[in-house]
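Q: I would like to learn how to read a model like this one. Can we go through it feature by feature?

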Amino acid sequence: MSDHAESGSHAENTQSCHVHIVPVKVLIGVFLALVVLTVVTVEAAKFDTGELDVIVSMAIATVKASLVVFIFMHLWYDKPLNKIAFFFSIIFAGFFLCMILLDSHAYDAYVKGFQQDKTPTVAPAAAAPAPATAPAEAAAAPAEK
Amino acid sequence: MNTAATTTTDEHADSHDHGHHDSRLAHHFDSHQQQFDTGKLGIWLFLVTEILFFSGLFGFYAVYRSLHPEVFLYASQFLDTVLGAANTVVLLFSSLTMAWGVRCAQLGQTRGLLVCLVITLACAAIFLGVKSFEYTEKAHHGLLWAGMYQSPEHHAEAAVPAAAGAEATAGHDAGDHAHASADDHSDESLFEKTKHTLSYMTTVLWAVIVLAGIAFAVFIKKPGKLTQATIAGCFLISAVGMVLGTYASIGYHHFGHAEKPTDQEILMAETVPAEYAAQKEKVPEPELAGTFFSVYFCMTGLHAIHIIGGMIAISWLIVRTAHGAFTTYYFGAVDFVGLYWHLVDLIWIYLFPLLYLIN
């Protein structure tokens, strides 16, 4: 920053701002890539891949997001401080999601035990939603209330 | 650093008589480069807080989906993927024009910047228009947040798949009972209600715009014709965009209705609604289906509020651009609003597959 201050002593040099300018071709290319990826994610969602579904759609969304962040938001050419700020926020948001998921699943054993205690009394009621999806324990919990 | 800054500012103060004072450079900055870099760090820090802010809602989503996947499987059937994908493309396009606008600002092309900003604003308005159609339709189908949620199972079966006509067809196919004609009527009437509400809302929207225009004209000190005209223009573009988006979705719905009936088409179409029709017997309504719509309205609603904020910011940019405020060395505001706008786009990129594409 000190070198800017030095050059800033001249009146004309203060009136300059050097940044990276993205060419139009790159912008349009990124946009087309984003549209293609949108189509891909919609088509991919039509295949029943079970557990993989979320992972695939999130992977595609992350590719799209990085295109937007690096090219449209110029982060690729940006100062290291801005990059660090952004990536740390992403990492901490990730930590946050992991922690609350860990926490909410810490009680799975209790819920299971509660359901097993309850099942004999409400067996016919719980039987209907059970075949709906794979995690039948989770499905049974709301059905019993 | 501080001392250095003061000395340069003093030099500036000395050189007042020698050259024109640069009104675009705040007095506490040495140079435009420094002003720009500082602002950029500031906007990035703001974006960081935005990401952490939204991560709370994503956490809500993640916990709820991991505990009750069947609710998401069931309830996301009612969201129209086509409208969602169209909205995604509209938002991506607005992101493109915004990035292009930033480029124009960097190169000092005022006219190009103005065109790009206007297109961005219009796209944002179209997005909101489509969203308002989706919200209105869901409200009429009783698909609201938990507590207000009404089970679609006790509507006629055709009313179940909310958005697309194609989905309505699939619903007919699934519930191929004697109710078929009655179902059709109920869905039609719901759609008519939706249209009625939307046309009412459009009228209200125009009234709000006229009132806001008058308010702006009255309250802005020394308004100047150019400012007034550009503000009015921004409001007009937003309104036209919203109406366009709304009626495009209504037209899409009509189109879906027009080409629905034959059963072969339904059998041949290997689409999600058809699969839904096939699965229908196997997927009963979970108890907590309304909570999905709580998540849906929270996340998309907060996103829509951000869109509105972005539209206000873009209108501000348009007014300043019309006054010729931006030059090759002063374009920070355009870049910063652009960054915010891309973040809004970024959040939608994640929201779309998370809410609409659950199979």
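Q: In chain A, what share of the contacts with a separation of 6 or more comes from residues 24 or more positions apart?
A: A caution before the value: this is a predicted model. In chain A the share is 37%. For chain B, 80% of the contacts between residues at least 6 apart in sequence join residues at least 24 apart.

Q: Where do I look for a nonpolar core, and which residues touch the most other members?
A: Start with the general idea. In soluble globular proteins, nonpolar side chains tend to be buried together. Here the largest nonpolar core has 94 residues. L121(B), A125(B), F127(B) and Y340(B) touch the most other members. Helix α12 of chain B, residues 332–356, supplies the largest share of this core, with 16 residues.

Q: How do I describe the packing of helix α2 of chain A and α3(A)?
A: Two packed helices are described by the angle between their axes and the distance between the axes. Helix α2(A) covers residues 24–44. It packs with α3(A) at an angle of about 170 degrees, and the axes are 10 Å apart. An angle over 145 degrees counts as roughly antiparallel, so α2(A) is roughly antiparallel to α3(A).

Q: Which residues make that contact of α2(A) and α3(A)?
A: From α2(A), they include V26(A), V30(A), A33(A), L34(A) and L37(A). From α3(A), they include V56(A), I60(A), V63(A), L67(A) and I71(A). By class, the contact has 13 nonpolar, 2 polar and 1 charged residues. An α-helix has 3.6 residues a turn, so residues three or four places apart point the same way.

Q: How do the axes of α3(A) and α12(B) lie across the two chains?
A: Helix α3(A) spans residues 52–72. Its axis comes within 9 Å of that of α12(B), and the two cross at roughly 170 degrees. That makes α3(A) roughly antiparallel to α12(B).

Q: Which residues of α3(A) and α12(B) meet?
A: On α3(A), they are S57(A), A61(A), K64(A), A65(A), V68(A), V69(A) and F72(A). On α12(B), they are H342(B), D345(B), L346(B), I349(B), Y350(B) and P353(B). The residues of this contact divide into 9 nonpolar, 2 polar and 2 charged. S57(A), K64(A) and F72(A) meet α12(B), and they also take part in the contact with α2(A).

Q: What span does helix α11 of chain B reach from its first C-alpha to its last?
A: Helix α11(B), residues 289–322, has 34 residues. It reaches 49 Å, close to the 50 Å expected at 1.5 Å a residue. Just after α11(B), G324(B) takes a positive phi of about 70 degrees.

Q: Is G42(B) buried or exposed?
A: G42(B) counts as exposed, because it has 12 C-beta neighbours inside 10 Å. Its place is in helix α2 of chain B, residues 32–67. The C-alpha atoms of G42(B) and F336(B) are separated by 9.1 Å. Along the chain, these residues are 294 residues apart.

Key:
Residues numbered from 1 in each chain as written. Chains lettered and ligands numbered in written order. Contact = placed C-beta atoms within 7 Å. Core = buried A, V, L, I, M, F, W, Y, C linked by C-beta atoms within 7 Å. Buried ≥ 20, exposed ≤ 12 C-beta atoms within 10 Å, placed from the backbone. Helix = DSSP H or I, 4+ residues; strand = E, 2+ residues; numbered from the N terminus. Axes fitted to C-alpha atoms, helices over the stretch in contact; angles between N-to-C directions. Parallel < 35°, antiparallel > 145°, perpendicular 65-115°, else oblique. Nonpolar A, V, L, I, M, F, W, Y, C, P; charged D, E, K, R; others polar. Expected span 1.5 Å × (residues − 1).
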